[in-house]
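Let's take a friendly walk through the aromatic rings of a protein model. Have a look at the structure below, and then we can go from ring to ring together.

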Amino acid sequence: MTTGPAALLALEDGTVLWGSAFGAEGESFGEAVFNTGMAGYQEILTDPSYAGQIVTMTYPHQGNYGMNDEDAESWRLQVAGFAVREASRRPSSWRAQASLPDALAGAGVVGIEGIDTRHLTLQLRAHGAMRAAVSTVDLDPVSLVDRIQAAPGMVGADLAKTVSTIEPYDASTLVGPPVDDHGPVFRVAAYDFGLKRNILRLLAAHGIDVTVFPAQTPAAEIARGAYDGVFLSNGPGDPAATAYGIVAVRELLGKVPVFGICLGNQLLGLALGGRTYKMPFGHRGVNQPVQDLASGTVEITSHNHGFAVDPAAWAKDGEGMALTDYGRVHLSHWNLNDRTLEGLRCLDVPAFSVQYHPESAPGPHDSRYLFEEFRALMDGAR
């Protein structure tokens, strides 16, 4: 295997791993996290929810099928850094248009390989996600750790506005027009807190015409558009720091049907008077079992989040429904691994959300029925 220049990955607790650089040379700082997916590295690299994070892949070989223009989830690579056991230089796929190392180099993203990713993952699982850096410049472990300890953490980080679109745009320019075989085509305003393109693809495939708006768009501007629904996207950072998103959701609740995913779920929870907390190491992978209490169905789901909604934040009625200023809320979906709250469904206003990614990309397709439920919610509101 061809190796690049020496590279160093360090954590704020003093853990140091030596490896070789692939992709760009330089250095970057962020939060070290791990993803357990065996495939889907391109979607992970281009997912805006990973902004500010140095992602470690637990599966040892990455880059086997290369990179292409069709599978990107945004317009650029979003991760702060990428750590793998071994990166393939020669992709084997008829769809490949570039290798993983070349794609990272072209995007200016520092990658490190040859490290013990099992050790790094166990360290993060035992002690939690940490501030970290990957560098080909500062190879002094003491110096690099000192600089990491002086860097800001993820708590309090408002990152959604840094990855959002600058101007509104029609989703059809990216994913084509919505289909019309599901009944009436609904018009939806989507808040871009770090929106993935496959969400737009699936909304269009379910007969929903989407206009995408910047993260800091006032609710009044959305209301003037007389949309059939509002979508709250995924995104990076601390949801409690995304104050403009919380305010907008509060102003829209009860006036228009709302559907949120990932950060959108957290913002709905906060708008309902709840609270969020930082998880020790989060959920990042494609095999999380989540149960829908309404149906009893267990879905295998795709996840990427380091914060969650606290189910203990609300008082409950005799049926276990959360009591909020917007009426009763069903705590509808639960993670079967760690009992994390994974979904909210408002019973007195038209709104619901899930913490996981029903659009997958990468991951299983078990939860795509939620896009049909969004259509049904808008149809009922009509």
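R345 lies over the face of F352, at 4.8 Å from the ring centre. A charge counts as sitting over a ring if NZ of Lys or CZ of Arg is within 6 Å of the ring centre and within 35 degrees of the ring normal. K278 gives another example: its charged end sits over the ring of F307, 5.9 Å from the centre.

A word on what you are looking at: this is a predicted model, where local features need pLDDT of at least 70, side-chain atom pairs count only at pLDDT 80 or more, and totals for chains, interfaces and linings use all residues. Residues are numbered from 1 along each chain as its sequence is written, and side-chain values use heavy atoms, with hydrogens and water left out.

Searching the whole structure gives eight aromatic pairs. Rings of Phe, Tyr and Trp (its six-membered ring) pair if their centres lie within 6.5 Å; planes under 30 degrees apart count as stacked, over 60 as edge-to-face and the rest as tilted. F213 and Y227 are edge-to-face, because their centres are 6.0 Å apart and their planes are at 80°. Both residues, F213 and Y227, are buried (under 20% relative accessible area, with exposed over 50% and partly exposed in between, using a 1.4 Å probe and protein chains only).

F231 and F259 also form an edge-to-face pair, with 5.5 Å from centre to centre and 75° between the planes. F231 and F259 are buried as well. Together with F352, F371 and F374, they form one aromatic cluster.
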